[in-house]
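Reader: Hi! Could you walk me through this model while I look at it?
Author: Happy to, just ask away.
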Amino acid sequence: MKIIIEISFSDPLFKILTTIAKDKKSASKKFNKDLKDKIKLLSKSPFMCRPSIYFEDKKYRDLIFKGYTIIYKVEDEEIKVLDIFKWQDR
């Protein structure tokens, strides 16, 4: 399946990476690489993560990663990565 990264995910991710980089640039790069690797796994197993607790539709899933929730939607031929936020932010 093709993975589509939406701007609604990219913008908050950029802010998270910028905040991490203020303390340690290498940690920001590692966070970004590890997150991308985790997201790539979705193409092989799109339903590996729990159904989203924020949506009633089972096509929406929650990927939990280092204290963050990444919301994505499984569609027929693609996966749309929609949002990222800290657990306590919602």
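Reader: Which way do E1 and E5 run, parallel or antiparallel?
Author: E1 and E5 run parallel and are joined by four bridges. Strands count as paired if DSSP finds at least two bridges between them. Helices (H or I, at least four residues) and strands (E, at least two) are DSSP runs, numbered from the N terminus.

Reader: Before we go on, what kind of model is this, and what is left out?
Author: This is a predicted model, in which local features need pLDDT of at least 70 and side-chain atom pairs count only at pLDDT 80 or more, while totals for chains, interfaces and linings use all residues. Residues are numbered from 1 along each chain as its sequence is written, and side-chain values use heavy atoms, with hydrogens and water left out.

Reader: Thanks! What stands opposite Ile-4 in E5?
Author: That is Lys-80.

Reader: And how many bridges join E4 to E5?
Author: Seven, and these two strands run antiparallel. E4 and E5 form a hairpin, with three residues between them. Tyr-68 stands opposite Lys-86 of E5.

Reader: Back to Lys-80: which residue does it form a salt bridge with?
Author: Glu-78, with the closest N and O atoms 3.9 Å apart. A salt bridge here is a side-chain nitrogen of Lys or Arg within 4 Å of a carboxyl oxygen of Asp or Glu. Lys-80 and Glu-78 also belong to a salt-bridge network with Lys-73 and Glu-75.

Reader: How accessible are Lys-80 and Glu-78?
Author: Lys-80 is partly exposed at 22% relative accessibility, and Glu-78 is partly exposed at 23%. Buried means under 20% relative accessible area, exposed over 50%, and partly exposed in between (1.4 Å probe, protein chains only).

Reader: How many salt bridges does that rule give?
Author: The count comes to seven. Among them, Lys-30 pairs with Asp-34 at 2.8 Å, N to O, and Lys-33 pairs with Asp-37 at 2.7 Å.

Reader: What span does H2 have?
Author: H2 has 17 residues and reaches 25 Å from its first C-alpha to its last, close to the expected 24 Å. The expected span is 1.5 Å times one less than the number of residues.

Reader: Which H2 residues are buried?
Author: Ser-28, Phe-31, Asn-32, Asp-34, Leu-35 and Ile-39. They pack against strand E1 (2-5), helix H1 (7-23), and strands E3 (60-65), E4 (68-74) and E5 (78-86).

Reader: What about Asn-32 in that group?
Author: Asn-32 is buried, with a relative accessible area of 19%. Leaving aside residues up to four places away in sequence, Asn-32 touches Leu-13 and Leu-17; contact means heavy atoms within 4.5 Å.

Reader: And what does Phe-31 touch?
Author: With that sequence exclusion again, Phe-31 touches Leu-13, Ile-16, Leu-17, Ile-20, Phe-65, Lys-66 and Tyr-68.

Reader: Last one: which residues touch the most other members of the largest nonpolar core?
Author: Phe-9, Phe-31, Leu-35, Ile-70, Tyr-72 and Ile-84, out of 18 residues in that core. H1, H2, E3, E4 and E5 are the elements giving two or more residues to this core. A nonpolar core is a set of buried Ala, Val, Leu, Ile, Met, Phe, Trp, Tyr and Cys residues joined through side-chain atoms within 4.5 Å.
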